[in-house]
Amino acid sequence: MALRLLLADPDAGWISNARKHFESMMYEVDEAQNGKEAQLALYNNDYFAVILSQNIQNHSASQVIRFIKSNHPSMKVIMILNMQAKESQIKEFKELGLTEYIKKPFSFEDLSQLLESQQNIQQIMDNMPKKEGQEEEVEVSMEDAKFTKIKIDELYSAQRVLFDVFIKLGDSHYVKILHKGDAFSQERIDKYKKNKGIEHLYFMTSDRKKYVQFTTHLISKTAKSKKVSGKTKISLLKNASEKFLEEVCDEGIKPQVIDQGKEICQNITEIVEEQHDLYNLLRGFDDFDPNAVSHSFAVTLFASSIVKQFNWQSEKTIGTIAMGCMFHDIGKTKLKAEIALMRPSDMNESQLVEYKKHPEYGVEMLEGKYGISTTIKQIILQHHETFNGTGFPSGLKGGRIFTLSNIICLANDFVHIIADNKFKPTDGLKLILTNQDMILRYHSQILENFIKIFVAPDKLAKAKKTELPSNSKLFKKSG
Ligand SMILES: [Fe+2]
Ligand SMILES: [Fe+2]
């Protein structure tokens with residue numbers, strides 16, 4: 001079903017061009033040239049989003065936003081602002097409930113991207129142009145560095161793709177075989193594989209986020225399908241997680257850290273795949289929330305990288321922490337779905353009480369499972385305890401917390417910071433290092449070793465405005 005848009009702008013010429021543009025992108029478009037018309041349209045219809053000019057008259061933009069927020073609270077309001085719009089004005093519009101804004105001058109493409117960023121993956125897919133047949137293959141010359149490679153089997157068929165897909169002919173030489181919106185049939189996959197001996201496909205690295213969204217979405221859609229085997233689902237997931245890691249770690253992290261981290265994630269999935277019990281738990285977790293498994297992979301990557309900086313580290317410790325990370329949030333599957341999918345900052349008092357039980361639930365679920373040691377259960381139990389005693393479930397302090405738990409706590413906080421704010425890793429690190437409350441959550445040695453996984457840590461370490469606490473007995477010489 002097409003998404004409906006309301007364009008509200010006094011400029012008739014602009015509206016007519018915008019209408020053509022958005023209709024060609026499969027939106028259903030209504031228009032209003034003044035605030036009164038906009039409100040009437042809003043009174044009679046429900047829209048996915050309203051694109052509202054700051055210059056609208058006869059009911060001002062502020063009045064229209066107020067009307068929208070009291071009648072359709074979840075409707076997106078994208079505002080077009082004049083070039084000279086001041087920060088104070090933007091703040092006022094935000095307080096009224098503005099979702100996003102774009103300043104003049106901008107292109108229709110900029111506006112489309114902004115609109116797309118407000119859609120969930122199902123809405124994007126539903127809104128993709130339906131195509132008859134398939135478009136021509138196109139040869140392109142572009143640097144290899146711009147492409148990301150996947151195995152041909154890893155592009156799940158029978159779904160329309162969200163991004164262009166290429167095959168490689170030679171150095172910096174590609175053929176676009178699928179255009180955004182095309183479906184990739186099993187016959188076509190077989191044709192490329194068998195007749196042409198193609199093993200890999202490529203997409204533009206700039207589309208990596210879409211690839212991750214797309215795959216995660218497919219996994220959640222296929223979660224209950226019997227047609228897709230558990231193995232395929234886990235391999236889709238592992239793949240999406242790897243690309244997710246590449247996406248979040250594009251800048252600032254030492255490349256060898258990422259490679260080693262990916263290897264650790266790979267090993268841990270292999271171990272889990274062999275253990276029936278654990279495999280089923282992970283599958284259940286994935287059915288519950290595919291993003292949670294990607295999150296676990298990312299936490300595994302950062303936590304194991306921190307452990308690797310300690311001189312007491314060993315393969316066994318890495319294995320222990322990786323297993324702990326993989327299952328640290330498994331207890332969330334025992335929470336009511338609405339709580340498990342919320343961030344704690346959005347929870348009310350009673351939801352928080354329930355949420356804080358997930359480490360204990362996790363330990364209960366892992367009881368008696370092969371490959372889960374007492375240490376792994378302990379570190380899962382303590383993954384939200386903090387060095388200064390503000391954590392849960394027990395509010396333990398300093399030396400009473402396992403080192404590995406405090407490492408997971410930091411890796412978990414960090415992954416949330418970069419994923420929730422769409423931060424680069426280096427910005428996530430800066431945020432932690434410049435926030436006294438955050439710094440106090442971790443043992444100083446852990447924080448210092450975390451800094452070491454970044455490129456040019458000396459520069460970043462200077463961002464520390466506060467001295468790191470070093471009052472713990474967590475690190476005895478023997479380790
Ligand atoms: Fe957790
Ligand atoms: Fe977590």
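**Note on a predicted model**

1. Asn58 sits in the loop that runs between strand 3 (49-53) and helix 3 (61-71). The model is a predicted one, and the backbone at Asn58 has a phi near 55°, a positive value in a residue other than glycine. Asn58 counts as partly exposed because it has 13 C-beta neighbours inside 10 Å, and a residue is buried only with 20 or more.

2. Ser172 also deserves a look. Its phi is positive, about 55°, although Ser172 is not a glycine. The residue is found in the loop between strand 8 (165-170) and strand 9 (173-178). Ser172 has 14 C-beta neighbours inside 10 Å and so counts as partly exposed.

3. Two peptide bonds ending at a proline are worth checking. The bond from Lys104 to Pro105 is cis, with omega near -5°; Pro105 belongs to the loop between strand 5 (100-103) and helix 5 (108-116). The bond from Phe392 to Pro393 is cis, with omega near 5°, and Pro393 is in the loop between helix 17 and helix 18. As background to these points, most residues other than glycine have a negative phi, and most peptide bonds are trans.

4. On the chain as a whole: there are 22 helices and 10 strands. The chain has 479 residues, of which buried residues make up 33%. Among contacts in the chain with a separation of 6 or more, 69% are between residues 24 or more positions apart.

5. Next, the nonpolar cores. The largest has 55 residues, and those touching the most other members are Ala303, Ile306, Ile407, Ile408, Leu410 and Ala411. Several helices each supply at least two residues of this core, among them helix 10 (255-274), helix 11 (276-288), helix 12 (290-308) and helix 18 (403-421). Helix 13, helix 17, helix 19 (425-433) and helix 21 (444-451) are also on that list. Ala411 gives a local view: leaving aside its neighbours within four places in sequence, Ala411 is in contact with Val299, Phe302, Ala303 and Ile306. In soluble globular proteins, nonpolar side chains tend to be buried together.

6. How do helix 13 and helix 17 cross, and at roughly what angle? The axes of helix 13 (residues 315-326) and helix 17 (residues 374-381) come within 9 Å and cross at roughly 50°. That angle makes helix 13 oblique to helix 17. The crossing of the two helices is right-handed. On the helix 13 side, Thr320, Met323 and Gly324 take part, and they meet Thr375, Ile376, Ile379 and Ile380 in helix 17. By class, this contact has 4 nonpolar, 3 polar and no charged residues.

7. Helix 18 and helix 21 form another pair to inspect. Their axes come within 10 Å and cross at roughly 50°, and the two helices are therefore oblique to each other. Helix 18 passes helix 21 in a right-handed crossing. Which residues meet in the contact of helix 18 with helix 21? Asn406, Ile407 and Leu410 come from helix 18, while Ile446, Leu447 and Phe450 come from helix 21. Sorted by class, the contact has 5 nonpolar, 1 polar and no charged residues. Ile407 and Leu410 are also among the residues that touch the most other members of the largest nonpolar core.

Definitions and conventions: Residues numbered from 1 in each chain as written. Chains lettered and ligands numbered in written order. Predicted model: local features only at pLDDT ≥ 70, side-chain atom pairs only at ≥ 80, totals over all residues. Axes fitted to C-alpha atoms, helices over the stretch in contact; angles between N-to-C directions. Helix = DSSP H or I, 4+ residues; strand = E, 2+ residues; numbered from the N terminus. Parallel < 35°, antiparallel > 145°, perpendicular 65-115°, else oblique. Left-handed = near helix turned anticlockwise from the far one by under 90°. Contact = placed C-beta atoms within 7 Å. Nonpolar A, V, L, I, M, F, W, Y, C, P; charged D, E, K, R; others polar. Core = buried A, V, L, I, M, F, W, Y, C linked by C-beta atoms within 7 Å. Buried ≥ 20, exposed ≤ 12 C-beta atoms within 10 Å, placed from the backbone.
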